[in-house]
Amino acid sequence: MDKFYERYSKTTADGSHTLYLPGLDEHYHSTHGAVSESRHVFIEQGFDHVSCCQRQINVLEVGFGTGLNAILTLERSAAESLEVEYVAVEPYPLSMDEAKNINLAGQVAGGRFREEFLHMHGMPYGKRTFLSGKFHMVKHKHRVQELDLPDNQFDMVYHDAFAPQFQPEMWDVNLFARIYRTMRTGGILTTYCAKGEVKRALKACGFILTHPPGPTGKREITRALKTD
Ligand SMILES: C[S@@+](CC[C@H](N)C(=O)[O-])C[C@H]1O[C@@H](n2cnc3c(N)ncnc32)[C@H](O)[C@@H]1O
């Protein structure tokens with residue numbers, strides 16, 4: 001079986017599930033807490049820094065995976081009545097059975113978005129789909145490197161790839177330069193990774209970096225700003 005498809009769920013320290021890939025010996029999230037890590041890295045240190053200044057936000061997620069970042073963004077969008085256009089990229093999507101058996105929707109907003117969570121996983125590819133309130137999503141079953149990304153489109157990028165030692169091509173200058181072009185000036189990218197080689201690649205593409213404190217178990221993370 002493909003090393004990206006042989007996977008099973010595990011419970012992390014905050015009670016939420018993640019997926020584990022034995023072929024890579026890699027988890028989709030921190031074992032210290034999947035929901036707490038994602039909420040910290042992508043929502044509090046990312047999305048909230050954009051939504052403080054604008055009511056309409058275009059989000060690109062590199063590595064949709066379980067859909068956790070998307071449902072956390074939906075939760076924020078609903079709570080603050082923010083308009084979100086969410087583009088999710090994932091070459092190795094979960095089956096509907098995997099999506100039903102993972103407990104993440106039940107761990108966010110008291111389970112209020114269970115239906116939307118399954119809808120995200122079941123919706124057609126390449127078609128802008130209404131999910132709830134002011135939240136729309138387009139999902140692509142592609143490697144991000146194969147997508148024709150428009151210039152100056154995204155305010156927020158969730159860069160949630162497997163770690164550089166497993167997928168170095170997800171963290172190199174080639175990909176970051178494409179992501180830089182697809183972002184608007186003032187847009188930000190966040191990622192859990194703060195390795196030296198990743199910082200250097202982001203800087204080489206023109207990003208200005210800051211390193212907020214990480215979630216439990218991680219000293220710092222990376223927030224990258226696109227300036228003029
Ligand atoms: C660390 S996991 C995170 C997934 C997701 N954000 C979540 O919360 O579950 C990395 C994800 O990147 C996906 N991925 C692997 N190669 C990719 C590529 N070339 N382009 C886009 N996504 C990729 C994996 O299949 C996996 O779902």
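Biologist: Let me begin with one residue. Does N152 count as buried, partly exposed or exposed?

Modeller: This is a predicted model, and in it N152 has a relative accessibility of 48%, so it counts as partly exposed. The cut-off for exposed is over 50%.

Biologist: Where does N152 lie?

Modeller: N152 lies in the loop that runs between β7 (135-140) and β8 (154-159). Its phi is positive, at about 50°, although N152 is not a glycine.

Biologist: What about S81, and what is its phi?

Modeller: S81 is not a glycine either, and its phi is positive at about 55°. S81 belongs to the loop between α2 and β5 (83-89), and it comes after helix α2. With a relative accessible area of 37%, S81 is partly exposed.

Biologist: Let us turn to that helix. What should the 13 residues of α2 span?

Modeller: At 1.5 Å a residue, α2 should span 18 Å. The C-alpha atoms at its ends are 19 Å apart, which agrees.

Biologist: How many of the 13 residues of α2 are buried?

Modeller: Ten of the 13 are buried, so α2 is largely enclosed by the rest of the structure. Among the buried residues are L68, A70, I71, L72 and L74, as well as N69, T73 and R76.

Biologist: Which residues does E75 contact, leaving aside its neighbours within four places in sequence?

Modeller: E75, which has its place in helix α2, is in contact with R39, V108, A109 and F113 when those neighbours are left aside. E75 is buried, and its relative accessible area is 16%.

Biologist: Now the packing. At what angle do α1 and α2 pack?

Modeller: Helix α1 (residues 34-51) packs against α2 at an angle of about 50°, and the two axes are 10 Å apart. The two helices are therefore oblique to each other. Their crossing is right-handed.

Biologist: Which residues make the contact?

Modeller: On the α1 side they include A34, V35, S38, R39, F42, I43 and F47. On the α2 side they include L68, N69, L72, T73, E75 and R76. By class, the contact of α1 with α2 has seven nonpolar, four polar and six charged residues.

Biologist: And α4, at what angle does it pack with α2?

Modeller: Helix α2 (residues 68-80) and helix α4 (residues 114-122) pack at about 135°, and their axes are 10 Å apart. These two helices are therefore oblique to each other. The crossing in which α2 passes α4 is right-handed. A70, I71 and L74 of α2 make the contact with E116, F117 and M120 of α4. That contact has five nonpolar residues, no polar residues and one charged residue.

Biologist: Why give both an angle and a distance?

Modeller: Two packed helices are described by the angle between their axes and by the distance between the axes.

Biologist: Changing topic, where is L175?

Modeller: L175 lies in helix α5 (residues 173-182). It is buried, with a relative accessible area of 3%. Not counting residues up to four places away in sequence, L175 touches V144, Q145, H159, E169 and M170. The C-alpha atoms of L175 and C193 are 15 Å apart, and 18 residues separate the two in sequence.

Biologist: Is F4 buried or exposed?

Modeller: F4 counts as buried, at 9% relative accessibility. It is found in the segment before β1 (8-11). Leaving aside its neighbours within four places in sequence, F4 is in contact with L21, L24, Y28, Y92, F162 and Q167. P22 is 18 residues from F4 along the chain, and their C-alpha atoms are separated by 9.1 Å.

Biologist: One last residue. Which loop holds P215?

Modeller: P215 lies in the loop between β10 (208-210) and β11 (222-225). P215 counts as buried, at 12% relative accessibility. It touches E37, H40, V41 and I221, not counting residues up to four places away in sequence.

Biologist: How far apart are P215 and T182 in space?

Modeller: They are 28 Å apart, C-alpha to C-alpha, and 33 residues apart in sequence.

How values were computed. Residues numbered from 1 in each chain as written. Predicted model: local features only at pLDDT ≥ 70, side-chain atom pairs only at ≥ 80, totals over all residues. Heavy atoms only, no water. Axes fitted to C-alpha atoms, helices over the stretch in contact; angles between N-to-C directions. Helix = DSSP H or I, 4+ residues; strand = E, 2+ residues; numbered from the N terminus. Parallel < 35°, antiparallel > 145°, perpendicular 65-115°, else oblique. Left-handed = near helix turned anticlockwise from the far one by under 90°. Contact = heavy atoms within 4.5 Å. Nonpolar A, V, L, I, M, F, W, Y, C, P; charged D, E, K, R; others polar. Expected span 1.5 Å × (residues − 1). Buried < 20%, exposed > 50% of the residue type's maximum accessible area, 1.4 Å probe, protein only.
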